[in-house]
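Grab your viewer and let's work through some ring geometry together. Each exercise comes with its solution.

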Amino acid sequence: MAVVKARSSDIDMLARLLRAEAEGEGEMGMLLVGNVGINRIRANCSDFKGIRTIPQMINQPHAFEALQHGMYYQRARDRERRLARRAVNGERYWPAKFSLWYFRPGTAAAPQPCPPTWYNQPHVGRYKLHCFYEPTAKECENVYNTF
């Protein structure tokens with residue numbers, strides 16, 4: 001059962017985002033990106049107050065670097081659609097389980113260590129090249145009550 005409302009076009013948008021942001025991280029990496037996006041919709045806190053839909057989450061200004069690159073604008077593929085549906089249905093994994101932010105420091109050829117904080121929130125873990133950050137309870141208690 002979906003934890004956020006999602007039309008077919010929303011699933012396609014999320015699928016395209018997963019691929020553009022984390023295709024090189026494999027299926028789990030893409031699913032973790034989906035976890036962060038769904039958390040942003042459900043948490044209603046911090047930089048994500050009022051974000052209630054997948055299109056709002058994806059199109060929030062400066063939220064995803066992938067929107068600046070061509071891969072996001074390619075057609076959604078079945079593999080990524082399945083991953084998007086899993087995220088929409090509430091399937092979550094550490095280190096993205098409660099995370100609202102992630103990023104990839106350095107490049108694939110020259111990865112860098114994860115900074116201890118990002119937007120003043122603590123680093124909780126890394127998956128391949130992506131670092132994940134979850135808010136403190138003071139910053140966003142809602143993210144811990146979403147499931």
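**Exercise 1.** How many aromatic pairs does a search of the whole structure find?

*Solution.* First, the ground rules. This is a predicted model, where local features need pLDDT of at least 70, side-chain atom pairs count only at pLDDT 80 or more, and totals for chains, interfaces and linings use all residues. Residues are numbered from 1 along each chain as its sequence is written, and side-chain values use heavy atoms, leaving out hydrogens and water. Next, the criterion: rings of Phe, Tyr and Trp (its six-membered ring) pair if their centres lie within 6.5 Å; planes under 30 degrees apart count as stacked, over 60 as edge-to-face and the rest as tilted. The search turns up ten aromatic pairs.

**Exercise 2.** Classify the pair F64 and Y102.

*Solution.* Take the centres: they sit 6.5 Å apart, with the planes at 40 degrees, so this pair is tilted. Now burial (buried is under 20% relative accessible area, exposed over 50%, partly exposed in between, with a 1.4 Å probe and protein chains only). F64 comes out at 5%, so buried, and Y102 at 9% is buried too.

**Exercise 3.** Do likewise for W118 and Y119.

*Solution.* Here the ring centres are 5.4 Å apart and the planes at 85 degrees, so call the pair edge-to-face. W118, at 26% relative accessibility, is partly exposed, while Y119, at 53%, is exposed.

**Exercise 4.** Which residues do ring pairs link into a cluster?

*Solution.* The cluster holds F48, W101, F103, W118, Y119 and Y133.
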